[in-house]
Amino acid sequence: MVETSDIRVVRCGGSKVNLTPPIISSDSRFVLCTSGDLVKVYSTRTEEWLHSLQGHTNQVTGITLNPANHLQVYSCSVDGTVKLWDFIDGILIKVHSGLCVSACPECFQLVSVHLPKSAEQEVEAKEMSAVSSHISKNPSCTAFGRGGEYIAFARHLQLNVYFFRKQKTYSFSLKATDKKGAKNAFTCIACHPTDDCIATGHEDGKIRLWRNFIHKKEYTYSTQHWHHNAVNTLCFTPEGTHLLSGGIESVLVQWQYGAGNRKEFLPRLGGSILHISASSDGQLFCTSHSDNKITVIESSFKVCGVIQGLVKDAVLTDLMIDPRSKALVLNGKPGHLQFYSLLRDKHLYNLDIVQQEYIYEAGLDQFEVVKAAFDIKGSWLATVEERGKKSSDLEFFLKLWAFDERTQSFVLNTTITAAHTDRIISMCFSSSEETTMLVTAAEDSQFKAWCQGADADTQQDQNFWSCDFVGSYHKLNPTNCSFSADSSLLAVSFQEVITIWSPDTWEMLTTLCQPPGVIRDLCFGRLSCSKYLLGTTTKNLLCCWNLLTCELEWSTSVDVSKLQPDPFSENVAAFSYQSKHTDLFVFKPSEPRPLFTNKNVCSEKVHRAVFVPREEPLNSCDESTQWLNRSQLYFLTQNMDLLTFSTATEEDRMLSSSKQLVIDDSVAVTPFYLLLGKHRQQQQKLNTQSHPHNMALPLLLRVPGGGLLHTPAHVLPAASVLCSMFVNSFLISNTGVQQDPLRYFVHIWLT
Amino acid sequence: MASFKPTKVQFLPKLGEKVTEDTLYWKNYKSPVQIKEFGAVTKIDFSPLAPHNYAVTASTRIHVYGLHSQEPIRSFTRFRDTAYGGSFRGDGKLLVAGSEEGLIRLFDISGRVALRQFTGHSKAVHVTSFLSDGFRVVSGSDDLTFRVWDVPSAVELSSITEHTDYIRALAPSKLNPDLFVTGSYDHTVKVFDMRSGSSVMTMQHGHPVECVLLYPSEALLVSTGGRYVKIWDLLKGGQELVSLKNHHKTVTCACLSSVGNKLLTGSLDRHVKVYNSSYKVVHNFDCDASILSMAVAPDDEVVAVGMTNGVLSVRHRKHKKDKETLTSRRRRGPSYRVFVKGKNFVPRQDDFLVSKPVKQYLRKYDKQLKSFEVSKALDTALQTWTRTSKPEVTVAVIIELNRRGTLKNALAGRNEESLTKILNFLLKHIFDPRFSRPLLTVGDIVLDLYRQVLHQSPVVERQLQRLMEVLGREAELQQELLQVLGILDTLFASLTPRKEVAALAALPVDQGPQLQAA
């Protein structure tokens, strides 16, 4: 057992972007949202991920723009710090630490923290005063009132308003229910920016507008009702002319303030709406959805951008790799398959599998994609969608999709309505290059082979798939099926028995059985180990058969929850779950000794894992890290965390590349920009602090005289600006300061 | 914002017949014209000359019909007993026919009286034909002989007795005036060469031969008899090429279409089957009675079928001309030009293009589903036209409502009239394997909802009674089918050879050479 320290488990991309309300920068150019330990900055126009603010060591729980400086953003995190950032350049300005994190997870307190003004970067915030000791754990149940005069917060059936000046709390409570069966518990709060009005959302979909709450007794409220389920979020536009609300129906509703029931709708936005935020000029709205998505909406109620994260709330399919795009494929938003690029941490596209209108209603049994498989070239995709887990009548469809070169996406080729009489358990494509064949194994104790073939009767060139062979073994339920690397053998496990078939003649060649336990996982060895067949059973056994002798080569007692072969090498990864933690073993089927062992990878069971090919292979010679040279192992825990293994060499490479990527100018580098943009930067610099030595340095270094002379006159700035620069550019520089450090200086002065 | 996704209507493939060019070609016939004859129609023969009149032998007469006439343009009635096998000469001017009394008569097509009478057969002559030189007539008779007659002199040239039973089939070669093929009830088909005066080839059909037929190339021979149609390759010395068994009664006649030489066979089971070039049935004509004779006009203009009940059924080919006259009578809608107006405009390179979003057109039930009006959507789907001609649309809406969990709401609160509509739909389609699952759910919900008030309406009650009856019948049928399946399974299981034993026996053999090598 090699104890390794240079391979560690890291959380990789695809964190939630919908945890907190996204915020739009005051110039409407950027959208900021929290994503795990990071704050990500996206462009509103192009939906591109520009950069991220990196520094927190735990989940970021909230972000807000600095009211004093609209180019800065505060972020708070579970690690107990509040940080101030310059979000355009991604620089950490200030850290307020020392916020205590109480250990009690049940009770949430509202405290006001005084952030002391200080020039230092690390500041400890000490002054804290509790406002209320019992608040709802939902952050949208707390809102600041007009000009920060008061704060409103609700919990269950009670609405509290705390006036900072008076240091007093008024509370108003509602009855739990009435004759009509209303559910009055508060779900969210928003305060009007200019008027003394608080809007509250309720569990039964009502919205109440509270007025006159300055007086404890004479308060009034009006009720409006459109949502049929709980109102998740409320938001006033900055001018206070409209109120936006959203709930599970995924319809954004815009209520006109003070005009009763006049409203506008924007339906079918995606998952249920969790948060709404508006830009400070009121031109853009942002909604974040339960399917890990942020939608950017213009004030004219037109969707202008969608920022999609990795959806992994309920992963039903295996993790797969699209052989063409090398993207991670799994089921995403309801009825879709998502293609996610792990290298760029970017959502590529959704493929609509179910092609039905999704009804946003709680407790409705919907079609879900439960199985998917790619063939080896990526030209065919097979999917199984299923409905009726709760009720007795199960409905499912097997669909086959062909890759269309012209549109570069998958097109539905065949829908098979009654592929089997019961649920499909396992599905795999043959791995040969010439003929594609799909094998499905189902609970009706049959496995079927499907082929794409011409029908002899009609003599037409048909591309549709039809059943080629139906196999069964003693009426036992199959549990798994797998093709060998060259597709010359098909292994189908029936409970405790593994049967080996020849796909050419559909003859059963042999059976392998190892009494204890039902076969849970099955895979063939690759490359030099292709004569081995690996299987795991429910009785904690990992077995390896030699297919040449049809004998058990070796077996060991491990409770393997997931067996994953690497398609690019002989290695096989096995995740085992023992005494409340998961261990990883990487081994070659030919040798029973593991290549690599990692104890305590995570504390939950691992059921899904995938090897992702690297863009450029590492050339590590260390025995324990060699298995990560050509591909990377990603796995999904039961808490739906996507984790991976990273090596020391890889991290070094990442670090070096991030240093090169400091240049973050989003404006194209044209001669005009080189002249005028730098000029402006200098002006700013002059305003903040005079520094005569470095003043003309960037220009001297970056603007050659040639660039100026070759540019047409009508795009050049005024001659007064140009003259001194032009002359200066002929001077010989005598300063020895490097170019790169200068940039850092500039930023520090600016702060 | 994603747009509304309309309800998906499943179109399941139709099982059974697949539409091919052949089926389309053979479907393109008008409904048959029925002409009543005096007795069973035993022979139909088309004249090879241009107007393509055809001679129909039935009872004691031979009628000659024009292609489009329903009345005979000429009839030969001078037979004392039943006439048989009236066939034309190659130039269409002479007609020869045998008869029950053994006399063979030769007619001029324009005259009435027989030009020649050949006497010599002692029993009924069922088949007569001209040889391809036109000067000789060959006849086959129940007295086991066939004779060749000289037309100018009316004398018998030869008489050969080789068959051992009645001769009922005859086909002269068109390429060689000395060759002809005969088929007999003694189960054989023989090829005769007049130059040698004896049979040169004998094929065993295995059943009494009713009809023989030569392909135009004369390399292939078709013989029918019993339920079998057999194709023989004459160039390979009479080797059987295929044996077809598509009829379930005796195949009495066969003929070839002139376009593509497709084989047609008629049988006592009242079907005419059309085969394609690989001898698969591509089309089927149904008739009212057992078929005795059949002929196809040149260019497949007419298919004439004669039956035992004396009815001659004539099918004419449809032509495009007929269709055009039909459509011109109808009021013409707006022309194609109106619909594509402005749509095929291609913008020039420097044009500024303002694109209009494509409007999504939804069906009425989709619009109602979009606005969650579930009862109305079900009503729309249950409209008479949709319900009767596109039941899959109705079922698709029902499935969609079930998926949305609102099927119960949509079915609730209906009056007698609309409930009857639903129940009628159930009665009609509940056994359709495509629809039965969703419709059974509907039935359950209807019973749950209206259990209390059912007795108030006798109409609904009667329908439910009927529904119960048909469901019971269906259940019985299913059970019987399962029983049959079980029987078949045991049969198959007993038939499959035991491989394990064979494999075990083979093992030591495999080890043998290895040991030797060691």
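**Exercises on a predicted model**

Chain B exposes about 29,000 Å², of which carbon and sulfur atoms supply 55% (Shrake-Rupley method, 1.4 Å probe; for residues, only the protein chains shown count as cover). This is a predicted model, in which local features need pLDDT of at least 70 and side-chain atom pairs count only at pLDDT 80 or more, while totals for chains, interfaces and linings use all residues. Residues are numbered from 1 along each chain as its sequence is written, chains are lettered from A and ligands numbered from 1 in the order in which they are written, and side-chain values use heavy atoms, leaving out hydrogens and water.

**Exercise 1.** Decide whether A:W85 is buried or exposed, and find its polar partner.

*Solution.* Step 1: locate A:W85 in strand β8 (residues 82–86) of chain A; strands are DSSP E runs of at least two residues, numbered from the N terminus.
Step 1: A:W85 is buried because its relative accessibility is 1% (buried: under 20%; exposed: over 50%; 1.4 Å probe, protein chains only).
Step 2: the side chains of A:W85 and A:S75 make a polar contact at 2.9 Å (N or O atoms within 3.5 Å; within protein, one able to donate a hydrogen and the other to accept it, and residues adjacent in sequence count only if both atoms are side-chain atoms).

**Exercise 2.** Place B:F492 in chain B and classify its accessibility.

*Solution.* Step 1: B:F492 belongs to helix α11 (residues 458–495); helices are DSSP H or I runs of at least four residues.
Step 1: its relative accessibility is 52%, so B:F492 counts as exposed.
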